[in-house]
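Thanks, everyone. I'll talk through some helix packing today. Have a look at this first.

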Amino acid sequence: MASRSDRFQKLTPHERRAGESALSEFADYVQQQQKLRRLPHKEEDGNDSAYGTQSIVTEDHAELDILDTLNLSDEPQQVRLKPLLLDQSADADESISLLTGVVNGRLEEGNGETLFDLGLEDNGDNMAFTKEDWDFALARIQQVTNSIGADIKLLMTRNVGGDVEVENVNPKDKAVTGKMIMRRRPQSVDDVIETRVVVVGNVDAGKSTMLGVLVKGGLDDGRGKARVNLFRHKHEIESGRTSSVGMEIMGFDSKGEIVTSMVPGRKLSWEEIGNRSSKVISFTDLAGHEKYLRTTVFGMLSSEPNYCLLMVAANNGLIGMSKEHLGIALALNVPVMVVITKIDICPPHILQQTITQLTKILKSPGARKIPIFIKNREECVNTATQFISQRICPVFQVSNVTGESLDLVRTFLNILPHHGHYDANAPFEFHINDTFSVPFVGTVVSGVVKSGVIHAGDTVLIGPDSLGQFTTTAVRSIERKRIAVPGATAGQSASFALKKVRRKDVRKGMVVLLKNDDKPPVVYREFVAEVLILSHATTIKTKYQAMLHVGPVSQTCAIIDIDRAYIRTGDRATVAFRFVQRPEYLAVGDRILFREGRTKGLGIVKAVGYDPAVPLNPEAAKEREKTETGNAAGKAAA
C-alpha cells in the first residue's frame, strides 16, 4: 500500500500549480472576509442566507461628489512643513505649535512611533535644504519631540556626513535630506509597542541560534553556544533541536538603541527589558522537524503573529518543512521576511543556487512576492518603510559566527511598522495558548487578547469544557512580559492568574470572555466554512477526517456535507465540518487550516452551526435518501 508521502509525490505538476495559483487569491479573499468577523453570542441581523452569511452592499452617492471639489471633507489639508521647520519670525511659536500637532498626529497614527523625512514634504517635494537649514530644522524637531515626550534617531542622511550617511544617487543633487524614526517614551508598560514575530524554517536552519545572537548580543561559536539559553527541555539541549514553542523578547528604547546588559554575556530578564523598552519584539521560536509540525502549526496560529521570519540555511536551501511553513504563512496573510544563515561556511556557488531557488519560489504564482536582497543601510531603511505592502519580501544574508549583516537585521526590526487591526471596543475575547500552575499564585493562562479590554478583578467565563460548558471565575492579576499591569487591551499578549480554577480544568484552545448574564456564550460542534484544497492526492468526500486548526484550537474534524459530490486539489468549496471530540467557541470570519500529515487546505468560517434540513448540496442529499430508503426496503424484504 502506498504511503502518504508516495501519494503526495503522485500529484501531477498541473495539479500542484492549480493548488499554488489558487492560494494567493484565496488568502486575499480571506483577508477581506475577516474584517466582517462577528462573535457568535452577538445578535445576527440582516442575514440573507440560511447559513448566516451576509451580503455587504456599499451605497454610492454621486450627488455628494461636489463636496470633494469644494474641499469640504473632514480630512485635514496637507500642511507645508518647510515654513514650520525654518520659521524664525516673531510668529515662530505658532509654527512650532502647528509642527507639534503634525508630529503628534503621526505618532498617534503609528501607535507611538513614526518615520519622518526631514528635507522632504509629505508629497515627496524636496525642500532644498542647505547644511545650515538642516541643522536648524533638526534642532526644531528635537525641541518639538522633547515637548511631547518622544525621542528621535537618525536612520540615514544625504549630504550631511556622519555615521548614517548614504551615497547620493544623483551627484548633482546637493540638497540635504534625511530619514529619522520618532518614538514616544512610554509612561508605563501599557504604552510599550509590541510586535509579534514568528520564527520558522527547516530543521538545522539556525532559528534558535539566530534568536540567541539577536537577544543576547554576543556571537555564536559555530557549535551551538548561542542557542542553549533558549531551550526549555533537557532533551532539546542534548539533541540541539527545538521541540516546543519557545518565547524570547528583544527591546528597543525610545532612541532606537537595543536594550542590552552592561555586563558582556549577561542576559537581561524579561522584567528588565520590559521596563527599559519603548518597543518590544516578541519572538516565537518554533520547531523545524516534521514530527513537531502540529506544535509548529499551533504556534503559528495561536500566537497571532504580525510578521513571519523564515530562516533558510545557505548550504541546504529551501528544503523539507521550509516550504510547508512558508505556505502556512502565506495562507495566514502574514508578511514574510527571509534570513539566509550560515553564509560563512557556504561555498559561493552553493549560496548562489540557494538564492536562485528562493527567488523562484517567492516569485511563483502561489507566493507572488517580490524578493529584495538587502545589502546596505539605505535598502534596509527603505524596505522596512514599505514592508506593510504584503508583496515585498526582504531577504538578508547573515552569519551568526562572524556577525555579518546582523546590524541590518537589528535596524530592520527597530523600524518595523506596527501591523495588525484590533478592536478594543468590541466584546472582550481572549484565546488561551498555554497554561501553567505557579506556586502561591495558582492557575495561570497565557495568550493574546483578540478584542476588547480586561482589568484585574473582572469576573470572566472560561471554557468550553468537554460538555461545552463555561466556568465562572475572576482575574486575580494580569502580567505582560512578566510585569504586573492593571489591564490588557486588544492585540496585546498577556497572562492571567485565575481564582478557584484548577490547571487540569483548563486547556489550550479555550477562550476567556467577560461574564454577561443576558447573552451567555454559545459553542458549536458543527460549522460551515469556505475552503481551498491545497494538495491532496485523491478526491475528498463526506466522512473525510483531518486535524483542524482554528487559532489555538486543534481538534480532529469530519466533513459532514459538501456543496458538490467531491473536491480535489485547487478547488474552492463550501463545506460543513463537525468536531469529533467536543464543541468549540467559534466566530464567523475565523481562519481555519486542516491537515493530514502535511497541510491539505485552508479556509474561513462562513457560518456557525449546521442545519441538516438545509443541506449544502440538495440533489446529493435526495440521492442519499433514496439509497438509504432502498437499502432499508431491501433489508425488510429479506
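Contact here means heavy atoms within 4.5 Å. Helices are DSSP runs of H or I, at least four residues, numbered from the N terminus. This is a predicted model, where local features need pLDDT of at least 70, side-chain atom pairs count only at pLDDT 80 or more, and totals for chains, interfaces and linings use all residues. Residues are numbered from 1 along each chain as its sequence is written, and side-chain values use heavy atoms, with hydrogens and water left out.

Start with H13, residues 377-385, and H14, residues 406-415. From H13, Arg377, Cys380, Val381, Thr383 and Ala384 meet Leu408, Thr411, Phe412 and Ile415 of H14. Six of these residues are nonpolar, two polar and one charged. Nonpolar is Ala, Val, Leu, Ile, Met, Phe, Trp, Tyr, Cys and Pro; charged is Asp, Glu, Lys and Arg; the others, Gly among them, are polar. The axes, lines fitted to C-alpha atoms over the stretch in contact, come within 9 Å and cross at roughly 25°. Angles run from 0 to 180 degrees between N-to-C directions. H13 and H14 are therefore roughly parallel, meaning under 35 degrees.

Next pair. H5, residues 92-109, packs on H6, residues 131-147, at about 65°, axes 10 Å apart. The contact includes Ile96 and Leu99 of H5 and Ile141 and Val144 of H6. Its residues divide into six nonpolar, five polar and one charged.

Last, H11, residues 321-331.

Conventions:
Helix = DSSP H or I, 4+ residues; strand = E, 2+ residues; numbered from the N terminus. Buried < 20%, exposed > 50% of the residue type's maximum accessible area, 1.4 Å probe, protein only. Parallel < 35°, antiparallel > 145°, perpendicular 65-115°, else oblique.
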